[in-house]
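Let's take a friendly walk through this structure, with an eye on its charged and aromatic side chains. Have the sequence and the viewer open as you read.

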Amino acid sequence: MPVDLSRMKNLKYLSLAGNQLNGSIPSTFSQLTALQCLELSSNSFSGEIPQDLVNLGNLAVLLLANNKLTGNIPTKFSNLTSLNNCYISVDNLSRQFLLGSKKMTCSNFLGNRFLPVSRLALPPSGEGTNESVAYPAASSSKNQGFSSIELASIVSVSAIVCILLCLVILFYYIRRKTPNTRAHVSESSERKEVVVFKDIGVPLTYKSIVEATGNFNGVHCIGYGGFGATYKAEVAPGTIVAVKRLTLERYQGIPQFDAEVGILGRIKHPNLITLIGYHASEAEMFLIYNFLSRGNLEQYIQKRSERAVDWRVLHKIALNVANALAFLHDQCNPRVLHRDIKPSNILLDDEYNAYLSDFGLSRLLGISETHVTTSVAGTYGYVAPEYALTCRVSEKADVYSYGVVLLELLSDKKCLDPSFSSYGNGFTIISWAIMLLESSREKEFFTSGLWEAAPQNHLVEILKLAVGCTAEVKTTRPLMRQVVQILRRSRPPPG
């Protein structure tokens, strides 16, 4: 187990089940204070459960079954009131476990034949009385019938199983009744074929993609997304593509795959990522894009302190992204709502031209439609307030997200920068920009050196544009075509 995982301070979910990992569970995992789910089941971990894991105050799920752990369960686990699902049903653990919270039930520790759970003490309740739960040992021959807790557990499990069976039956029924738009894809992909939209001068086959990524080896990984990872693949000498591989274990990723193929397969624009081809089968799904050497805008912003600030580059990026969104909102039929505008979804080439990518959450909007009602998706900090409250998303939600990105591009702050904590909860980069504008301190907003490198009236105009894009009332936000017009007025002369 690599101990460097403990450096991912914002990690919330870590699932490494069934990977034949061995050694001990790193005690440094206690540094992952944001962790909510830790799943290490079905490996070969040995030794004791680290005592320091009790410092994970946000932990809600802990799965350690089917390992080779020994020793005692840390008694301080009873202080983790957030821990709802703790399955530590392994072979060698022992010791009676005292529950310090009624949120944790006896059934959380069932299945361990070495763990005595016949008298699991609960904290005192009432006046001067002690409550305890008697749970008969599985091997007891004197027990006749089931206790009330056993009956409740059996009924609960039976109900869950019935619901799951109904959902599975409903899923297959809908699949059979719904026209399968990917039927031809599945048939061809059984032969491991790649559907190609654009000829890049090199034959693209399933075998060549897998070999170029080293069978999707982590060494070639250049980025992670919500539904999979992206790999760099040199399919021929000097010919490099980017391969986005879908995580098939997450079924909800399949609609995102269809959305991305459907949208990028039929629309073209100079500032949209180019979909070269794709492969889809029951065993593997991936998309092939043109490779952009500068990475994404998030990486560019993080590293720009290493280079001199260039107003022409910043303006080009802002205008390129605005052009792409204006095209999606006004010139496509049906119109396209991206729903996930953020720096990591904006890619850069050698000349710092910007390309909008990742259309997995996109939705289509008819000519007469003003919004789409859907579950809230996107990234916290970039989601428009009316969308988060009503689940109604319109093109103005994309405008809001673009405004947040523009504020980040101009400054040295993130949308939810840690430095804002001193201002109280709810203070964002938008609040900061408004505060500085109202107090005539605009100069303080911009990244180091930008105020001296660009026309100051243009900088202030674009800062006000970004604030306007993030207005709380969506009707006051400009359209993306209006954003393009304003940016073109302030375009710097070519260098």
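## Around Lys244

Setting aside neighbours within four places in sequence, Lys244 makes contact with Ala229, Thr230, Glu260, Met285, Phe286, Leu287, Tyr289 and Asp358. Please keep in mind that this is a predicted model. Lys244 sits in strand β13, and its relative accessibility of 17% is why it counts as buried. The UniProt record, an unreviewed entry, places a "binding site" annotation on Lys244.

One residue in that contact list, Asp358, also forms a salt bridge with Lys244, with the closest N and O atoms 3.3 Å apart. Asp358 lies in the loop between β18 and β19 (363–365) while Lys244 is in strand β13, so this pair ties together parts that are 114 residues apart in sequence.

## The sheet that holds β13

Strand β13 belongs to an open sheet of 6 strands, in the order β10-β14-β15-β13-β12-β11, with antiparallel pairing. At the edges stand β10 (195–196) and β11 (221–225); each has a single partner strand, so one side of each is left without a neighbour in the sheet. Strand β12 (residues 228–236) runs antiparallel to β13 (residues 239–246), and 8 bridges join the two. To find your way along this pairing, look for Ala233, whose bridge partner in β13 is Val241.

Side chains of opposite charge can pair when their charged atoms come close. The count for this model comes to 10 salt bridges. Three of them are set out here.

| Asp358 | Lys244 | 3.3 Å |

Which side chain of opposite charge is nearest to Glu442? That is Lys464, 5.8 Å away; Glu442 is buried yet has no salt bridge, since the cut-off for one is 4 Å. Glu442 is found in the loop between α9 (429–438) and α10 (450–453). Beyond its neighbours within four places in sequence, Glu442 is in contact with Leu436, Leu437, Val460 and Leu463.

## Aromatic pairs

The structure holds 11 aromatic pairs. One of them joins Tyr300 and Tyr352 edge-to-face, at 5.6 Å centre to centre and with 65° between the planes. Tyr300 is in helix α5 (residues 297–303) and Tyr352 in the loop between β17 (346–348) and β18 (354–356), so the pair ties together parts that are 52 residues apart in sequence. Tyr300 counts as buried at 7% relative accessibility, and Tyr352 does too at 14%.

Tyr423 and Phe427 give a stacked pair, 4.2 Å centre to centre with 15° between the planes. Tyr423 is partly exposed, at 43% relative accessible area, whereas Phe427 counts as buried at 17%. Both rings belong to one aromatic cluster, formed by Phe420, Tyr423, Phe427, Trp432, Phe445, Phe446 and Trp451.

## The whole chain

Stepping back, the protein chain has 12 helices and 21 strands. Buried residues make up 45% of its 495 residues. Of the contacts with a separation of 6 or more, 55% come from residues 24 or more positions apart.

Definitions and conventions
Residues numbered from 1 in each chain as written. Predicted model: local features only at pLDDT ≥ 70, side-chain atom pairs only at ≥ 80, totals over all residues. Heavy atoms only, no water. Helix = DSSP H or I, 4+ residues; strand = E, 2+ residues; numbered from the N terminus. Buried < 20%, exposed > 50% of the residue type's maximum accessible area, 1.4 Å probe, protein only. Lys, Arg positive; Asp, Glu negative; His and termini not counted. Contact = heavy atoms within 4.5 Å. Pairing = 2+ DSSP bridges. UniProt positions renumbered as here; feature names shortened; annotations may be inferred. Phe/Tyr/Trp six-rings, centres within 6.5 Å; stacked < 30°, edge-to-face > 60°.
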